[in-house]
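Please examine the sequence and the three-dimensional structure shown below. The paragraphs that follow lead through it step by step.

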Amino acid sequence: MRRGTYSIVARDPGTGQIGVAVQSHWFSVGSIVSWARAGIGAVATQSIAEPAYGPRLLDRMEAGEQPQAALDGLVADDDSARFRQVAVVDAGGTVAVHTGDGCIECAGHQTGDGFSAQANMMASAEVWPAMAGAFASADGPLARRLLVALNAGEAAGGDIRGRQSAALLVVPTEGEAWQREVELRVEDDPEPLSELRRLLDLHDAYALASEGDERVGEGRYAEAADCYRRAAELAPQSDELLFWSGLSLAQGGDVEGGAEAVRRAIDSHDGWRDLLLRLGDEIAPGAEPVRRALGM
């Protein structure tokens, strides 16, 4: 199947994180194109995609092969290599990429320091250079820079057929194969990049709330409150975050603020009231003072 796709693989030199991001007019593109393994690398496999390039490249690099040698070996054994487009970056930032001469125009790739942007079946030959330029000039966490690159590709024309799905995968600089920093997919949406940005905001909000919980456990209540505040700003619509952060605030001593957050969650969905009544001290020490404050 011919899949018009644009993607980017990259390593963050500051954190060592490795990631891949993709958008396409194809259902569930992330299940085909994007692969990454903690401490090893990230792969994008597209055009007439052979998903096996993902795990096979990662296996070969984990066994000690350099990205170019690993990719060259797989391409040499592939009878359909001229239709493939594959890019890989390893944990050290070394990049290798293959764009076969059978890929549907506009098709090409551009590499930079620790990254590669590639595309096929595009509306414009400016897509992958725009992605590369946007990524190179962006700052912030790797996940955000990858999203900036995708948006630049879309602004330059994107997939000639339009858009349908997108994915974002970031893994840590070291750890077990299953570990993820960010793993998000938009399987089918008229505006997949907008939805991917919304999901990334929600991901970051939950990460902040978890950090707040850790700070409460350490007795660092002012820092915890700041984490909860920033989480609420990122995801003001989340009654889940409101409820649990409210209990954590109450546990840290801000019973009035915690009760107000829980009350707002209950106003959004009455099931939170029932859950509040069920929670014991071992799971949620802040539940009892909140119940008293709310007259329950």
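How many salt bridges does the structure hold? The structure holds 25 salt bridges, a salt bridge being a side-chain nitrogen of Lys or Arg within 4 Å of a carboxyl oxygen of Asp or Glu. This is a predicted model, in which local features need pLDDT of at least 70 and side-chain atom pairs count only at pLDDT 80 or more, while totals for chains, interfaces and linings use all residues. Residues are numbered from 1 along each chain as its sequence is written, and side-chain values use heavy atoms, with hydrogens and water left out.

One of these salt bridges joins the side chains of R144 and D204, at 2.7 Å from N to O. This pair links distant parts of the chain, since R144 belongs to helix α4 (residues 142-155) and D204 to helix α5 (residues 192-217), 60 residues apart. Helices (H or I, at least four residues) and strands (E, at least two) are DSSP runs, numbered from the N terminus. R144 counts as partly exposed because its relative accessibility is 23%; buried means under 20% relative accessible area, exposed over 50%, and partly exposed in between (1.4 Å probe, protein chains only). D204 is likewise partly exposed, with a relative accessible area of 23%.

A further salt bridge is formed by the side chains of D159 and R161, again at 2.7 Å from N to O. Is D159 buried or exposed? D159 counts as buried because its relative accessibility is 4%, whereas R161 is partly exposed at 32%.

The salt bridge between E191 and R163 has its closest N and O atoms 3.2 Å apart. Here too, distant parts of the chain are linked: E191 lies in the loop between β10 (182-186) and α5, and R163 in the loop between α4 and β9 (165-171), 28 residues apart. E191 is partly exposed, at 37% relative accessibility, and R163 is partly exposed as well, at 32%. Elsewhere, E211, R215, E218, R220 and E223 are linked in a network of salt bridges.

With a relative accessible area of 9%, S34 is buried. Which residues does S34 contact, leaving aside its neighbours within four places in sequence? They are V20, V29, V43, A167 and L169, where contact means heavy atoms within 4.5 Å.
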